[in-house]
Every structure is written in structure tokens, then in C-alpha cells.
Amino acid sequence: MSQSKSSTKTVVVCQSCESVFVSEVKPDGTIRPIGVSADCTCGDGDFRRISGTADLE
Ligand SMILES: [Zn+2]
């Protein structure tokens, strides 16, 4: 419910291994997946926001 002013959350998918993660989106647009390394478990870390998915609260 309480949404941070400094960041939002969204869902992203790794373009390399297709793993899906909930991620934090920084005000500057940087995507930082939660619960996984910034480089993903596959070591690539090319995350893309899933289009059509609303930001999570
Ligand atoms: Zn990956």
C-alpha cells in the first residue's frame, strides 16, 4: 500500500533466460531485480519490463 517516493516496483523478464522477477525501478529508470543478483542467475542481467504490466503497489 505504502509506495515509496523514490522508487516503484514492476515485473521484468530476463531476455537471456526468461526468468521473471519483481523489480525495483529507480527514479532514473534503472531496473534492480529484487531477490536476485543484478546480473541475474544466468549472469546476463538484460532485464526488460513486461509490457502491459502495471506498476505494482
Ligand atoms: Zn537471466
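Which residue in β2 does Val-11 stand opposite? Val-11 stands opposite Val-22. The structure is a predicted model, in which local features need pLDDT of at least 70 and side-chain atom pairs count only at pLDDT 80 or more, while totals for chains, interfaces and linings use all residues. Residue numbers start from 1 along each chain, following the sequence as written.

The protein chain contains 0 helices and 4 strands; helices (H or I, at least four residues) and strands (E, at least two) are taken as DSSP runs and numbered from the N terminus. Along the sequence the elements follow the pattern β-β-β-β. Buried residues account for 9% of the 57 residues in the chain. A residue is classed as buried if 20 or more other C-beta atoms lie within 10 Å of its own, as exposed if 12 or fewer do, and as partly exposed in between, with C-beta atoms placed from the backbone. Of the contacts between residues at least 6 apart in sequence, 44% join residues at least 24 apart. A contact requires that the C-beta atoms of two residues, placed from the backbone, lie within 7 Å.

The strands form an open sheet of 4 strands in the order β3-β2-β1-β4, with antiparallel pairing. The edge strands are β3 and β4 (47-49), each of which pairs on one side only. Neighbouring strands of the sheet are turned by 50° against each other on average, direction ignored; the axes are lines fitted to C-alpha atoms, for helices over the stretch in contact, and angles run from 0 to 180 degrees between N-to-C directions. Strands of a sheet pair through backbone hydrogen bonds, in either a parallel or an antiparallel manner. Pairing of two strands was assigned if DSSP finds at least two bridges between them.

Strand β1 (residues 8-14) and strand β2 (residues 20-25) run antiparallel and are joined by 6 bridges. The hairpin of β1 and β2 has 5 residues between the strands. Within this loop lies Glu-18, whose phi is near 65°, a positive value in a residue other than glycine. Glu-18 counts as exposed because it has 8 C-beta neighbours inside 10 Å.

Ser-16 also lies in the loop between β1 and β2. With 15 C-beta neighbours inside 10 Å, Ser-16 counts as partly exposed. When residues up to four places away in sequence are not counted, Ser-16 touches Cys-40, Cys-42, Asp-44 and Asp-46. The C-alpha atoms of Ser-16 and Gly-43 are separated by 9.0 Å, and the two residues are 27 residues apart along the chain.

Strand β2 is joined to strand β3 (residues 31-33) by 3 bridges, and these strands run antiparallel. Ser-23 stands opposite Pro-33 in β3. Cys-40 is located in the loop between β3 and β4 and is partly exposed, with 19 other C-beta atoms within 10 Å.

Strands β1 and β4 run antiparallel and are joined by 3 bridges. In this pairing Val-13 stands opposite Arg-48 in β4. Phe-47 is placed in strand β4 and counts as buried because 24 C-beta neighbours lie inside 10 Å. Leaving aside residues up to four places away in sequence, Phe-47 touches Val-12, Cys-14, Ser-23, Ile-31 and Pro-33. The C-alpha atoms of Phe-47 and Val-11, which are 36 residues apart along the chain, are separated by 9.6 Å.
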